[in-house]
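Could you walk me through this structure in my viewer, one selection after another? I am new to it and would like to know what to click on and what is there.

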6 protein chains.
Amino acid sequence: MFDFTDRDLKEEHDIRIIGAPFDGTVSFRPGARFGPAAIRDASDGVETYSPYLDADLETVHYADAGDLELPMGNTEAVLAIIRETVDECLNDDVIPFLLGGEHLVTLPAVEAVFEKYPELVVVQLDAHADQRDDYLGIELSHACVMRRVSELVGDENIRQLGIRSGTQREYELMKGFGTLTTFRDDDLDEMVAWIGDRPVYLTIDLDVFDPACFPGTGTPEPGGIDWWTFNRFIKAMMECDIVALDAVELAPQLDTSGCSSVLAAKAVREMLLAVSPIA
Amino acid sequence: MFDFTDRDLKEEHDIRIIGAPFDGTVSFRPGARFGPAAIRDASDGVETYSPYLDADLETVHYADAGDLELPMGNTEAVLAIIRETVDECLNDDVIPFLLGGEHLVTLPAVEAVFEKYPELVVVQLDAHADQRDDYLGIELSHACVMRRVSELVGDENIRQLGIRSGTQREYELMKGFGTLTTFRDDDLDEMVAWIGDRPVYLTIDLDVFDPACFPGTGTPEPGGIDWWTFNRFIKAMMECDIVALDAVELAPQLDTSGCSSVLAAKAVREMLLAVSPIA
Amino acid sequence: MFDFTDRDLKEEHDIRIIGAPFDGTVSFRPGARFGPAAIRDASDGVETYSPYLDADLETVHYADAGDLELPMGNTEAVLAIIRETVDECLNDDVIPFLLGGEHLVTLPAVEAVFEKYPELVVVQLDAHADQRDDYLGIELSHACVMRRVSELVGDENIRQLGIRSGTQREYELMKGFGTLTTFRDDDLDEMVAWIGDRPVYLTIDLDVFDPACFPGTGTPEPGGIDWWTFNRFIKAMMECDIVALDAVELAPQLDTSGCSSVLAAKAVREMLLAVSPIA
Amino acid sequence: MFDFTDRDLKEEHDIRIIGAPFDGTVSFRPGARFGPAAIRDASDGVETYSPYLDADLETVHYADAGDLELPMGNTEAVLAIIRETVDECLNDDVIPFLLGGEHLVTLPAVEAVFEKYPELVVVQLDAHADQRDDYLGIELSHACVMRRVSELVGDENIRQLGIRSGTQREYELMKGFGTLTTFRDDDLDEMVAWIGDRPVYLTIDLDVFDPACFPGTGTPEPGGIDWWTFNRFIKAMMECDIVALDAVELAPQLDTSGCSSVLAAKAVREMLLAVSPIA
Amino acid sequence: MFDFTDRDLKEEHDIRIIGAPFDGTVSFRPGARFGPAAIRDASDGVETYSPYLDADLETVHYADAGDLELPMGNTEAVLAIIRETVDECLNDDVIPFLLGGEHLVTLPAVEAVFEKYPELVVVQLDAHADQRDDYLGIELSHACVMRRVSELVGDENIRQLGIRSGTQREYELMKGFGTLTTFRDDDLDEMVAWIGDRPVYLTIDLDVFDPACFPGTGTPEPGGIDWWTFNRFIKAMMECDIVALDAVELAPQLDTSGCSSVLAAKAVREMLLAVSPIA
Amino acid sequence: MFDFTDRDLKEEHDIRIIGAPFDGTVSFRPGARFGPAAIRDASDGVETYSPYLDADLETVHYADAGDLELPMGNTEAVLAIIRETVDECLNDDVIPFLLGGEHLVTLPAVEAVFEKYPELVVVQLDAHADQRDDYLGIELSHACVMRRVSELVGDENIRQLGIRSGTQREYELMKGFGTLTTFRDDDLDEMVAWIGDRPVYLTIDLDVFDPACFPGTGTPEPGGIDWWTFNRFIKAMMECDIVALDAVELAPQLDTSGCSSVLAAKAVREMLLAVSPIA
């Protein structure tokens, strides 16, 4: 079974896992703050070996830095702490892997990574566009995070997969910029070719999965992907140079069966294997 | 986000939503009485825009009449109130859209609609045949509702999709009358052609969905449809003249993740868009 | 509706259902002990008629022997009781159908059956290989049950379907012996041909289903099968001579919607129909 | 551990337990239909010996007749079945002990008992007065049951304990007739003296307990009694001639801890011991 | 049954109920945002008549202004909206009655009220001191709210009841200022005398109740009060001039039995009756 | 907030906390294996300062050794591991503080302690006698643990408080030996005097609490103690020389509100303060 806490930051490592248990801008149902702990707990019951990738976590050099202590109620202070932490990763030359928390935690991470990699490409898996200009007047909101990211790295450097919810305005925007793509094999191939050897920030809002597979999230949307589609996506991405990544929006208390946490832990395993220079 | 309670019966409207929170004949697990409230709550988190139909609820003239006050324990009085309410809709020239409650609420609605539209066709999505003559001696039961409807409008004017549970006798009956059809594209086309320009009562027992997508229902049956199949069905039905409709059997307390309520709310959105003369 | 307790051991019967509510070696999340009772409860809401097989349980001669009283905390005593009970079935010339409980209950059943049928073939549906030599030093563990079974009947007499979790060592083992196969139609045909007229022990760890369909199990694994795949499998197996069978690892309290129990009950119905000499 | 199903109606018995799983007139939260089954399940974990009464169920001659099959949706048919069943008990000279179900099941039982014992006294433990004339126009409702009982046996032959919820009108009525009393020792003594050797129907709406002890009920009311008060009451009642009794309104699915079911099972044990001619 | 939504702000009223669904600074378990809606839902099942106070809500002129729309993630904007809303109440000469949300919502309300009533006394029922200077560097936190209130109105103008959790430093502070008192009758009398005819802001953190009665709160603390103690407190306070009040920290999703919401609704009824000039 | 994991075994310490997550002999409802982790999680929300004892955990030298890895399914191996671990504590001259797990974990701990302290007194808080000779033939069962302990240290060296469930035989035994006592102040005084300066093993089966306070346990029994009674008990025991202790039978998943875990964590805090030579 794999277990984050077996590893230690003092060891040399290539990938650093960082819990970012923040859900302060969630408007509908909070609880993503419990995500990182639930993924760690569920990882106890998940094997280190992936039959999908025929690879084993035992060979990956990752470390778990535990959870950040984030001051709920002060969004800007929270984002500053995350940014600083990701900066440290980059200075230490390790790949930061954030576990959310809500999707807004992606923003400070992209800011830090973009500074180091100005040619950055962002690949977003998500049910929601997250492209609003503001939400109830708040610009730093989980509903606006990809708009902020787009303003930073440029709409032309973003690809969005799995989107199935947004305002008419958001869809116009996304269609205008051509950011939307699908999980069809040819579209995945096209995306990988388009990325080329540019550095990639991979952000996976786990609500990209169908609520049948992943009910434990604040804003579930019917019509999502299943495990096999995710596997095809991960295999495709193994050819890319992922320099930072995150998995967000698990709200484990909403799924009392624990299956959402198990899926998240197993997705994290695949992501670690996909990113690892060794695997 | 869309929210029924933004609308008001005083405004002019084409479609009237009516909550019918009755589950008094349910033999297995009650709770469909909480369905209409749960759909309203969940609608708060659902966008008005449908990327599937590229249409927006903002352009639809619907109103929410709230929930009927139904005297639990007196089935006949309950059915009389529903019938009267649907009659009023028809008199006001608006399309009634019932939110159940159990499937029996369909009966008085069909009675009212059939009186106005004697050439009525009934399209039923359901996991269960609901074609028993009686259940424990009771003829006004959710397990018999489609038998009663069939007796009224004629077996030859009914189409049933998604059925996967019934007695041997019920299956003989349905096969004899040829009421069963499937969600295959050619079968949908055939059904739409068969309907032609006849008026349609569309009744969707939400347990037609697979329990994976929709666990929040009293009598779940493995082997149901997914969201994409439902979308194809809705698109096909947009060519028909739906004069009344319902969505029944959400029992929200059985799905603590809330995903069933969200799916129901989103299905209601698609149904509103499909029925709307404007959409 | 079908209901185990309508039947009586005094009647003549071909198949005997035996509850084995043991989960004493489960390392992650216990609760499979509640499985047999949950299947019985859920069977109340399931029709006796299967539209998939066009067959009715009313014509099957099965009996329910109720639950064994098993001394939690003494694994060897538990296994001895199960073995003895299965022996009695075989002496009475009826097919034993165990309801688990955890997967370890399969071991004593196979032991008893193998003694009577030395040419036995074992067909395993499962998410997990269960091929470890030991688990935390324990050889009689749910994580090792198929290794014990393999040692008994020979690796060459086993087929495993649905496996998607194991150690690298377990996968090497399974690939070496060629025990792994799939649910593709041609693979099912191949397997049935390979079995020929040899007697079969069919063990179904219900976690072979995707957690979307079946969240109520101790160690869920994304990427499992759906109801339709199970149906194809059951139809294929109807040509084989199943002499004993089990369905294990339902942990009903982990799925508060009750859908897992309903699926299990419906799967048991199909299995009864598939095994019955009459159906 | 005590277990209803160990007993058999064929044995001679003094007390007959009858499940009445009806909740068809419940207006707020249904689920009392699951009460009898939950009490039976919980009784598995409850000892037969009561240290409070220093008495053992092993010495009591009771039998469990199982659950009545009641046609949900037809209140009058349900009440007729219950009445008939209680009549049979009285004809067989055994004490009927109903397990609800909602409180309305008390009405047909009192009707049957009153016919045999016209000098009947009714003692009601309850949080709610249940003295409305009608509820939403329905006279046969759980909210009106004690009004119906009062009309039958006479307000002067009723004592109500634990009441803490009602309309102003109901309180005026109860104060006018002097039916209200308390669990204070002197009030209990006074009540027992007032009863004398008249036959008693004891109806215990389990929501008389504080929701802290008994959250599993449809309409919880803060301010109820605890286990020790119930024990003092039971001891006081042992001097009376209880000829029929019931325990109603356990809705077990509302208390996922199962504690409400355990309390109900233990209360039933004490009631059996209190009523038994031997104890 | 009583139902907030029957009332309308257009009617004349003495007390205005305002939902403040904010839980943005909660560090442990969020969900108090769902409190106001849950109290409204539960009020459906609560009688308007209080047998404790022999008074009926039918005679009280209160109105429900619904929930404020609060921008999660921007604490200062949230507090500004609440303050403005309470200001409006005071301008309209009605008593504001806030339903939280977390305890921090009390701060802007006290600010507004204190400006109008500089001689204000604050009475706090709570399990927690809430007297920290800051929490993780945040001064506007639910854990600091009473420190902020104390700084505003003066420690000498505060009384705290039910406190059973705090740091050693907080206890020193509270003991130094003599703010702590108890629910003993003589202490209640002393407090009422000390208040005299000064205006009172009454803030009830519902976690003052024992978790047995009120498990539905973010930070439960064993050792709290029961319903009867609360009743004695309310009766004592009826002699005081309460000019504003709140009830906070119900997190209904943490108590799936719904009993916490019912207790909160019933407490709100008693508070309305206690405050009403008529009652 | 207090947090076990802040401490480190390398530091010098007086008390060592050891998680013993075993529930393998539980016959009714498992889950006590999740107890230690739940206590640690809940401790995050509990202050280090106890206003009851006016003492602070900051001044106590305790360490948390984490959870033992126990091979489920092999009771004897589990007990041997626990015994060995407690032996180590005693060799290191620190007080072992076990967190269960089921009550059987007390047996090996008492064995180890008794060897070092042959004049040992055992004080048991519990709802259940646990004095059966065997349970379904198993002598090493949670239902027999105190019989085994009694055989070891002698019935005359045991005191049992809070017992309210057992067989008639168990009560005869306990009365015969005079092991039963109560929480009345005079009885506590008498017990403390009787103990004198003998070393004490304190075992607290948390189901001694009333299910209202502590629903999260496998076999709840109405009629238990509340927090205040526990506090009086702890204060009384501070005069005794406790050389080892445990807190067992929290099954956190049975109480979804989390209140049972919070109470357990707070009880552990009080026990640490009571035992500490400094406090």
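Here is a short tour of a predicted model, with a few stops to select along the way.

**Stop 1: the annotated residues of chain A**

Start by selecting His103(A), His128(A), Asp130(A), Asp205(A) and Asp207(A), which an unreviewed UniProt entry marks as "binding site". These residues span 105 positions in sequence, yet no two of their C-alpha atoms are more than 12.2 Å apart, so they gather at one spot.

Now keep just His103(A) highlighted. His103(A) sits in the loop between strand 5 (95-100) and helix 3 (106-116) of chain A. Is His103(A) buried or exposed? With a relative accessible area of 0%, His103(A) is buried. Leaving aside neighbours within four places in sequence, the residues in contact with His103(A) include Gln124(A), His142(A), Met146(A) and Thr203(A), as well as Asp130(A) and Asp205(A) from the annotated set.

Move on to Asp205(A), which belongs to strand 9 (residues 199-205) of chain A. Asp205(A) is buried too, at 2% relative accessible area. Not counting residues up to four places away in sequence, Asp205(A) touches His103(A) and Asp130(A), with Leu125(A), Asp126(A), Val248(A) and Glu249(A) also in contact.

**Stop 2: chains B and C**

Next, show chain B and chain C together. Chain B can be laid on chain C by a turn of 120° with a shift of 0.0 Å along the axis, giving an RMSD of 0.0 Å. That is the relation of a three-fold axis. Which residue of chain B comes closest to the rotation axis? Select Ala212(B), whose C-alpha lies 2.8 Å from the axis.

Now look at where the two chains meet. The contact takes 23 residues from chain B and 22 residues from chain C. About 1,700 Å² is buried between chain B and chain C, and carbon and sulfur atoms give 57% of that area. To find the residues of chain B that lose the most area to chain C, select Phe28(B), Gln168(B) and Pro222(B); together they make up 29% of what that side buries. Only 9% of the interface residues of chain B are also interface residues in chain C, so the copies meet through different surfaces.

Side chains of opposite charge can pair when their charged atoms come close. Two salt bridges are found across the interface of chain B and chain C. To see a salt bridge between the two chains, zoom in on Arg132(B) and Glu47(C), with N and O 2.7 Å apart. The two chains also have three residue pairs in polar contact.

**Stop 3: salt bridges within chains**

Over all chains, the count comes to 106 salt bridges. Begin with Glu270(D) and Arg269(D), whose closest N and O atoms are 3.0 Å apart. Glu270(D) is buried at 1% relative accessibility, and Arg269(D) is buried at 2%.

Then jump to chain E and pick Glu115(E) and Arg83(E), a salt bridge with a closest N to O distance of 2.6 Å. Glu115(E) counts as exposed at 60% relative accessibility, while Arg83(E) is partly exposed at 23%.

Finish back in chain A by selecting Arg83(A), Asp87(A), Glu111(A) and Glu115(A), which are linked in a network of salt bridges.

Key:
Residues are numbered from 1 along each chain as its sequence is written. Chains are lettered from A and ligands numbered from 1 in the order in which they are written. This is a predicted model: local features need pLDDT of at least 70, side-chain atom pairs count only at pLDDT 80 or more; totals for chains, interfaces and linings use all residues. Side-chain values use heavy atoms; hydrogens and water are left out. Copies are superposed by least squares on the C-alpha atoms of residues with pLDDT of at least 70 in both. Contact means heavy atoms within 4.5 Å. UniProt positions are given in the numbering used here, feature names are shortened, and annotations may be inferred rather than shown by experiment. Helices (H or I, at least four residues) and strands (E, at least two) are DSSP runs, numbered from the N terminus. Buried means under 20% relative accessible area, exposed over 50%, partly exposed in between (1.4 Å probe, protein chains only). Buried area is the accessible area (1.4 Å probe) that two parts lose on being put together, summed over both. A salt bridge is a side-chain nitrogen of Lys or Arg within 4 Å of a carboxyl oxygen of Asp or Glu. A polar contact is a pair of N or O atoms within 3.5 Å; within protein, one must be able to donate a hydrogen and the other to accept it, and residues adjacent in sequence count only if both atoms are side-chain atoms.
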